Amino acid sequence: MRLLLLMFAFCLTLPAHAELRYTLQPRQIADDVWLLEGSTDNFDKANGGNIVNTGFIVTDAGVVVIDSGPSRRYGEAMRAAIASVTDRPVIKLLLTHHHPDHVLGNQAFTDVPIAALAGTTELLREQGNAMAENMYRLVGDWMRGTEVVLPTETLAPGTLEIGGRALRLLALRGHTGADLAILDERSGVLFAGDILFYQRALTTPNSPGLDVWLEDLDTLEALPWKRLVAGHGPVADDAAPFLQMRDYLGWLDGLLREAANGGADMNEVIQSPIPERFAGISLTRYELIRSVSHLYPRYEAMALQRVDE
């Protein structure tokens, strides 16, 4: 009887674990270019942290993967998704930046070079464990077995020739200080990483400044792209993501600058009204609160002159 009870208890717990499965459906967005599109929601136990856009490009030599997702489990699901559309081997993983939703699936790719900008590797070395711990708190058992894996190869800006494909690599700074964007020159698909958010409010924890971010947008928009893949949000075939990003960044910069010049405290700023034109963008209030905490002290420092100078 005791054994039967134990078996019954095990059966009751099994479905909860079985449900922790990412349903990743690769979508072809250009010739040999595939997207795995995440939610525009926040991290949650309901989505397992799958709020990110990842992708892969099938070349003559094998598959180049762009970002590995938020957990070991996601990375493994991504490998299975890739295998469902091509029998060519994965040959390289490119990381756009160090934030956890983009890199904590690296464990599933330790059999290939994991490549990133030098600054991304350093930031992941400094912040990776703390970010992983936070992800465990946010999404729980989805993170089981996930550990930080650092890049094994350093990228430089320029053109990466691989498997008959030319991938233009751009080193940018606006989101984290070390941000990689990738233009597949054959298809015109631009993987912009988190320099570009679309229909989802941008995050600012490591941004060196909104002015730097705006300059990066100019750099990307000037490229000969045909299709845009933001780090978060739907694919676009026109400049709407750039327009939305510039509008939002300009509003945020103006809000913080005016508040600092007027001597407003942080609590007042986070309660500022959000313009109606941003009402349809996911998580605007949540990310405004976070951006004020990240950025407002700099604006205050610029607005307040020291009395001893």
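Predicted model: local features only at pLDDT ≥ 70, side-chain atom pairs only at ≥ 80, totals over all residues.

1. Tyr248 and Trp251 are three residues apart in helix H6, so about one helical turn separates them.

2. On aromatic pairs in general, the count comes to eight. For Tyr248 and Trp251, the ring centres are 5.4 Å apart and the planes stand at 65 degrees, which is over the 60 degrees required, so the pair is edge-to-face. Elsewhere, ring pairs join Tyr22, Tyr74 and Trp142 into a cluster.

3. Turning to the sheet, five strands make up an open sheet of mixed pairing, in the order E8-E9-E10-E11-E12. Strand E8 (158–162) and strand E12 (227–232) are the edge strands, each pairing on one side only, and from one strand to the next the twist averages 30 degrees. E8 and strand E9 (residues 165–172) run antiparallel and are joined by five bridges; Thr159, for example, has Arg168 in E9 as its bridge partner.

4. Two helices deserve mention alongside this sheet. Helix H5 (residues 210–221) lies across E9, strand E10 (179–184) and strand E11 (189–197), and runs at about 170 degrees to E11. Helix H6 (residues 240–261) packs on the sheet and touches E11 and E12, its direction making about 15 degrees with that of E11.

5. Which residues touch the most other members of the largest nonpolar core? In this core of 40 residues they are Leu190, Trp213, Leu220 and Tyr296. At least two residues of the core come from each of E9, E10, E11, H5, E12, H6 and helix H8 (284–303), and H6 gives the most, with 10 residues. Beyond its neighbours within four places in sequence, Leu190 is in contact with Ala181, Ile182, Leu183, Leu220, Leu223, Trp225, Arg227, Leu228 and Val229. There is also a second, separate core of 34 residues, which includes Leu36, Leu104, Phe109 and Ala116.

6. Most residues other than glycine have a negative phi. Gln199, however, has a positive phi near 60 degrees; this residue is found in the loop between E11 and H5 and, at 30% relative accessibility, counts as partly exposed. Leu283 likewise has a positive phi, near 65 degrees, and its place is in the loop between helix H7 (266–270) and H8. At 23% relative accessibility, Leu283 counts as partly exposed.

7. As to annotation, an unreviewed UniProt entry lists residues 51–232 as "domain: Metallo-beta-lactamase". In the model, the end C-alpha atoms of residues 51–232 lie 7 Å apart, and the span is 27% helix and 30% strand.

Conventions: Residues numbered from 1 in each chain as written. Heavy atoms only, no water. Pairing = 2+ DSSP bridges. Helix = DSSP H or I, 4+ residues; strand = E, 2+ residues; numbered from the N terminus. Axes fitted to C-alpha atoms, helices over the stretch in contact; angles between N-to-C directions. Contact = heavy atoms within 4.5 Å. Core = buried A, V, L, I, M, F, W, Y, C linked by side-chain atoms within 4.5 Å. Buried < 20%, exposed > 50% of the residue type's maximum accessible area, 1.4 Å probe, protein only. UniProt positions renumbered as here; feature names shortened; annotations may be inferred. Phe/Tyr/Trp six-rings, centres within 6.5 Å; stacked < 30°, edge-to-face > 60°.
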